[in-house]
Structures are given as structure tokens and as C-alpha cells.
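Hi,

Here is the structure I said I would hand over.

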Amino acid sequence: MENIRELAVDMLSEIMEEGSYCHLVIRSVLQKYNYRDSRDKAFLKRLVEGTVERCIQIDYVLDQFSKVPTVKMKPFIRNLLRSSVYQLLFMDSVPDRAVCNEAVKLAGKRGFRQLSGFVNGVLRNIARNKEQICFPEEEKDLVKALSVKFSMPAWLVEKLLKEQGEEKTRRMLEAFLQTKPVTIRLKEDLSASEKERLISAIEKTGCKMSAHPYLPYAYCIEGAEGLLALPGFEEGLFQVQDVSSMLVCECAGIREGDRILDLCAAPGGKSIHAAQKLKGTGLVVSRDISEEKTALIRENQQRMKIQNMEVSEGDARIFCEEDKEVYDVVLADLPCSGLGIMGKKPDIRYHAKKEGLESLKALQREILKNAVSYVKPGGILLYSTCTINQGENEENAVWLTRQFPFGLESLSPYLPEVLKEEGKDGMLQLIPGVHETDGFFIARLKKQENKQT
Ligand SMILES: C[S@@+](CC[C@H](N)C(=O)[O-])C[C@H]1O[C@@H](n2cnc3c(N)ncnc32)[C@H](O)[C@@H]1O
């Protein structure tokens with residue numbers, strides 16, 4: 001890693017110009033340079049993630065100080081300036097002079113010597129005037145103001161305002177920019193003393209653990225450098241999972257002896273949780289579309305020592321006659337736009353497109369049409385997504401009740417006290433900043449007795 005800032009600019013070009021996924025680019029670079037000092041790696045990660053997360057605001061600032069608009073800049077210069085402005089505005093630990101000097105040096109090194117004056121001028125000007133930058137006023141244009149303030153594409157802000165209202169939208173946008181602790185799901189059958197021993201062993205590594213308010217086996221963990229190296233991970237004593245996902249298996253109301261089908265299961269979080277809830281009885285059939293994906297499920301299954309689970313490849317769009325009316329519970333945790341996890345994957349906001357949301361809704365219906373047939377009469381279809389979009393969520397759940405012999409059933413008996421009221425009609429939209437989870441949607445649908453599909 002000769003020059004961290006240079007590496008960051010190349011990574012940003014890959015993410016912002018070529019559309020590569022931020023978490024994959026970061027993961028592969030950090031793996032490649034694993035031998036480097038952990039502070040260097042932390043700086044690189046924060047610089048890249050932070051610049052992506054704040055990119056709309058950064059471009060807005062650049063456009064005020066540069067004669068050449070950001071869209072017209074050469075890609076390397078655009079991303080060099082973006083990452084430098086991120087350091088100037090959001091990283092107090094880096095002196096402004098160093099940011100400007102490094103950027104000028106880098107422009108020269110990469111063959112843009114003729115632009116070093118431009119780079120220098122723009123950055124020094126921003127550094128000098130950063131306290132006086134004007135941002136769009138909310139009274140004049142709320143969508144534009146929120147879009148710039150929270151670096152969220154205007155069409156998405158408009159959609160969220162329309163669907164969720166102003167208060168929830170503000171809280172959600174703020175929450176997406178805050179760092180949140182990771183949550184883990186402890187094995188539910190750990191005794192009190194086993195749980196205590198595990199927590200204390202993890203805390204000895206320097207992390208802070210705190211009980212999550214929604215579920216007794218959910219814990220927030222802060223300050224962990226590598227979760228996979230923590231005590232108890234290899235032994236399968238916990239799984240990294242957001243609490244919203246843990247609520248899926250709660251809301252499924254799993255009973256010992258149930259046969260459960262998880263149609264889109266990788267990396268296996270919900271399948272494993274369901275199998276654990278069966279306490280060694282029944283069976284979870286866990287599927288995903290490719291060998292690569294099912295390998296991830298198997299890896300987790302092995303680590304968690306789960307016996308009552310069968311993993312296989314399968315395309316959920318293709319109807320499987322053998323599965324007809326076989327299952328007490330079908331989990332349909334479907335591919336979605338992921339708008340609920342923009343706090344963890346900041347680039348989702350740029351990849352998401354209006355047309356894309358429509359085609360995901362169509363894909364979800366294609367899969368749901370098959371899923372309904374696999375549920376036994378009287379059984380449960382649990383539909384979930386990690387998005388905040390009425391088209392993919394509420395509209396699909398209501399569509400299911402109109403097209404098939406299914407009815408929405410209250411989630412309240414399965415939810416923690418604070419969520420009971422919201423889940424009483426059979427659907428729950430979790431929103432970061434409003435709830436203490438990622439953005440997530442759950443609907444519980446019960447198939448009528450004596451009805452075939
Ligand atoms: C939201 S993720 C599932 C997360 C998983 N349920 C868990 O809790 O760990 C959606 C999954 O759907 C899978 N998928 C996408 N299209 C599919 C299809 N046509 N058939 C089966 N799986 C599919 C993806 O590979 C991805 O693993």
C-alpha cells in the first residue's frame with residue numbers, strides 16, 4: 001500500500017465510475033494489504049466509505065468552488081477532489097495543508113501536472129471557506145435540501161417523503177449517516193452461565209457488548225476489529241445478524257417438528273436460526289440460486305453444527321412440483337433493492353434506479369407465486385425484504401392476499417412490546433432511526449385451511 005490516498009482514489013473510481021460494489025472493493029483491497037498497519041487500513045476504509053456516503057454533498061460543494069462542474073472533470077481528478085474534500089470537511093485529524101499538498105502531488109504523479117494548479121486552487125479555497133459554505137434552504141426546496149444534506153439522490157428523497165412522511169424520512173436519513181454497532185445472535189439455548197462466560201471472553205478482547213432491547217439473545221458489539229476472530233465464533237456460539245432479520249424467525253412462530261423451506265437462504269442466517277428454533281426436530285430445507293451461494297450456507301451450517309437442515313441449489317423462479325403443500329412455514333426473504341441497509345452499504349443509493357425497483361417487484365412476485373403453493377393449508381408464508389419501498393413491501397403483501405387464499409395475520413404475539421402495536425395488521429416496516437434495526441419489512445401470511453393453490 002504505497003500511498004493510501006492514491007489507493008482510495010482508484011477504489012472510488014471503481015465504485016463511483018464503474019459501479020462496483022463498495023463493500024466488495026474494500027474487502028478485496030483490505031485482504032490484499034492485510035499485512036499493513038491496522039490504522040492505515042482503518043483510514044483507507046473510512047476515507048472510501050465516507051466519500052461514497054457523502055458524495056452528493058461533496059459534489060455540491062465542489063461545484064460551488066470549481067469553474068469546471070464535477071460531471072465534466074476527468075474521472076481521476078473528480079475522485080481525487082472528492083476524497084480530498086471529504087478529508088477537509090469530515091476528518092479533523094488530517095491537517096488541511098497536508099490534504100492539499102498530497103492531492104497536488106498525486107495529480108502530478110498520475111500525469112495531470114497541468115491540472116495541479118486547478119486542484120490546489122479549488123482545495124485551498126474550500127479549506128479557507130469551509131465554515132461559510134451555503135447549502136440549499138429547506139424552506140425553498142425541501143427535497144433538494146435533504147438530498148444535499150444527507151447525500152441521498154433527490155428522486156429517493158422524494159419517494160421516501162411521499163411514502164414515510166417528513167419526520168420518519170429525516171430520522172432515517174440521519175441514521176444512515178451514523179455508525180451503528182454490529183449485532184450478533186447468541187445461540188438461544190446457551191445457559192445463563194455460558195452466556196456470561198462468552199460475553200466476558202469477547203469483552204476481554206477490547207470490545208464492548210450491550211444487550212439489544214428487542215430480543216434476549218441479541219447483543220450489540222462495538223470496537224471489534226474482526227468479528228470472525230472473536231471467541232465463540234468458530235465454535236458456533238453466535239452468528240452476526242441484524243436484529244430485524246432475527247425477528248423473521250420470531251414472527252414465523254416456528255414450532256418443534258415443523259418442516260420449513262427457506263427459498264432464498266444464503267448465507268443462511270435465517271435458515272440456521274429456524275433450525276435452532278426447531279431444537280433438533282423437524283427440518284429446514286435451505287436453498288439458494290448458485291453453488292457459490294449454497295457453499296456459504298454450508299460453511300455456516302457446519303460452523304454452527306446444525307443437523308436438521310438440508311442445503312440445495314434451486315432457482316426459486318422455477319416451480320417445484322415436489323414441494324407442493326409440503327411445508328408448515330415458507331420463508332421468502334427475497335432479493336430486493338436493499339434501501340434499508342444504506343447505512344451499511346452506502347453505494348446502494350447510487351445503484352438504485354426507479355426502473356430497477358419495478359423489475360425487482362416483478363421478480364419478487366414471480367417467486368411468491370411459487371412460494372404460495374409450497375405452504376400446507378393452514379401454514380405460514382413469511383415474506384421479508386431489507387428494503388423500505390411500498391412497491392416491494394406492502395403492495396406485494398396485499399397482492400398476495402388478493403391473488404391467493406392467504407390472509408395477513410397479526411405479528412404482535414411474536415414481537416417485543418415496543419413493536420406490538422405496529423405489527424398488529426400483519427406487516428411491519430422497520431426504519432433505522434425510528435427503530436433500533438436496519439430498514440426491513442416483514443409480513444406474516446396464513447394460508448386458509450382446505451384451500452389448494
Ligand atoms: C436477502 S438475501 C437472503 C438472505 C438470507 N435469507 C439470510 O438470512 O441469510 C437474498 C438471496 O436471494 C438469492 N436469490 C436471488 N435470486 C434467486 C433465485 N431466483 N432463486 C433463489 N435464490 C435467489 C440471492 O443469492 C441471495 O442470497
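Which residue forms a salt bridge with Lys-277? The partner is Glu-188, with the closest N and O atoms 3.0 Å apart. By salt bridge I mean a side-chain nitrogen of Lys or Arg within 4 Å of a carboxyl oxygen of Asp or Glu.

Some housekeeping before the rest. This is a predicted model, where local features need pLDDT of at least 70, side-chain atom pairs count only at pLDDT 80 or more, and totals for chains, interfaces and linings use all residues. Residues are numbered from 1 along each chain as its sequence is written, and side-chain values use heavy atoms, with hydrogens and water left out.

The protein splits into domain 1 (4-132), domain 2 (142-177), domain 3 (182-240) and domain 4 (243-447), with bounds from an automatic or database domain assignment. The centres of domain 3 and domain 4, taken over C-alpha atoms, are 24 Å apart. In contact terms (heavy atoms within 4.5 Å), 17 residues of domain 3 meet 20 residues of domain 4. The two bury about 1600 Å² between them, 56% of it on carbon and sulfur atoms; that is the accessible area (1.4 Å probe) that two parts lose on being put together, summed over both. On the domain 3 side, Arg-185, Tyr-214 and Gln-239 lose the most area to domain 4, together 44% of what that side buries.

The rule finds one salt bridge across this interface.

Helices (H or I, at least four residues) and strands (E, at least two) are DSSP runs, numbered from the N terminus. Just after H13, Lys-279 takes a positive phi of about 50°.

On the annotation side, an unreviewed UniProt entry places "domain: SAM-dependent MTase RsmB/NOP-type" at residues 172-448, and its "active site" annotation covers Cys-386. UniProt positions are in the numbering used here, feature names are shortened, and annotations may be inferred rather than shown by experiment. Cys-386 sits in the loop between strand E9 (375-385) and helix H17 (394-403). Why does Cys-386 count as partly exposed? Because its relative accessibility is 22%. Beyond neighbours within four places in sequence, the contacts of Cys-386 include Cys-336, Gly-338 and Phe-440.

Cheers

Terms used:
Buried means under 20% relative accessible area, exposed over 50%, partly exposed in between (1.4 Å probe, protein chains only).
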